[in-house]
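Subject: Structure handover and notes

Dear colleague,

I am passing on the structure that follows, together with my notes on it. Please read the notes with the model open beside you.

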Amino acid sequence: MSVFDEDLFVQGLQQRKATLGAEYVEKNLAAADDFTRPFQEAMTAWCWGFGWGDEVIPAKTRSMMNLAMLGALGKMHEWEIHCRGAINNGVTPEEIRAIIHVVGIYCGVPQALECFRAARKVLAEQDK
């Protein structure tokens, strides 16, 4: 039995779409099947509804924190997605570069290089 908080899900869905883009989020939810749907719903409610749902920390700052943490963890697929979201939330290329510098200092040059590769890809998409 699972407990599902519809209000938290709706709040999370709104924030998730605002950050990552409605098309991306709707595509992920549509691709969910019986096996993955409960996680998609829980992640939307918990991460985006609970984690991003208050106004204590602005979305731009949360995006910057996410880039630092995902970079530190080496989760480059998620880093790339959140890099796009960070830009949607007002993070500048200069701020992204500064975040990558911190990743390099605390997590090593190879990880910073991975972040730079992903950032260049995302920034090039923005220029199109």
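The side chain of Q111 comes to 3.2 Å from the backbone oxygen of G71, which is a polar contact in the sense used here, namely a pair of N or O atoms within 3.5 Å, where within protein one atom must be able to donate a hydrogen and the other to accept it, and where residues adjacent in sequence count only if both atoms are side-chain atoms. Q111 belongs to helix 7, helices being DSSP runs of H or I with at least four residues, numbered from the N terminus. With a relative accessible area of 16%, Q111 is buried; buried stands for under 20% relative accessible area, exposed for over 50%, and partly exposed for what lies in between, using a 1.4 Å probe and protein chains only. Apart from neighbours within four places in sequence, Q111 is in contact with G71, G74, M76 and V103, where contact means heavy atoms within 4.5 Å.

Before going further, please note that this is a predicted model, in which local features need pLDDT of at least 70 and side-chain atom pairs count only at pLDDT 80 or more, while totals for chains, interfaces and linings use all residues. Residues are numbered from 1 along each chain as its sequence is written, and side-chain values use heavy atoms, with hydrogens and water left out.

T44 is buried because its relative accessibility is 0%. Leaving out neighbours within four places in sequence, the residues in contact with T44 are L8, F9, G12, L13, R16 and G49. By contrast, Q14, in helix 1 (residues 6-20), is exposed, with a relative accessible area of 60%. The C-alpha atoms of Q14 and H82 are 16 Å apart, although 68 residues separate the two along the chain.

Turning to helix 6 (residues 93-107), its 15 residues reach 20 Å from the first C-alpha to the last, close to the 21 Å expected at 1.5 Å a residue; the expected span is 1.5 Å times one less than the number of residues. I96, I99, I100, V103 and G104 are the buried residues of helix 6. They lie on the same side of the helix because they cover an arc of only 145° around its axis, the arc being that of the directions from the helix axis to the C-beta atoms. An α-helix has 3.6 residues a turn, so residues three or four places apart point the same way. On the other side of helix 6, I105 and Y106 are exposed. The buried residues of this helix pack against helix 4 (59-73), helix 5 (76-88) and helix 7 (109-127), and just after helix 6, G108 has a positive phi of about 110°.

Helix 5 has 13 residues that should span 18 Å at 1.5 Å a residue, and its end C-alpha atoms are 18 Å apart, which agrees. Its buried residues, among them M76, W79, I81 and C83, pack against helix 1, helix 2 (22-31), helix 3, helix 4, helix 6 and helix 7.

The largest nonpolar core has 17 residues, of which L67, W79, C83, I96, I100, C115 and A119 touch the most other members. Helix 4, helix 5, helix 6 and helix 7 each supply at least two residues of this core. A nonpolar core here is a set of buried Ala, Val, Leu, Ile, Met, Phe, Trp, Tyr and Cys residues joined through side-chain atoms within 4.5 Å. Not counting residues up to four places away in sequence, I100 touches W79, A112, C115, F116 and A119. A second, separate core of 9 residues includes F9, L13, W48 and I81.

Finally, the cysteines: how many disulfides are there? The count is 0, a disulfide being a pair of cysteine sulfur atoms within 2.5 Å. The sulfur of C107 has its closest cysteine sulfur in C115, 8.1 Å away, which is too far for a bond. C107 is partly exposed at 34% relative accessibility, whereas C115 is buried at 0%.

With best wishes
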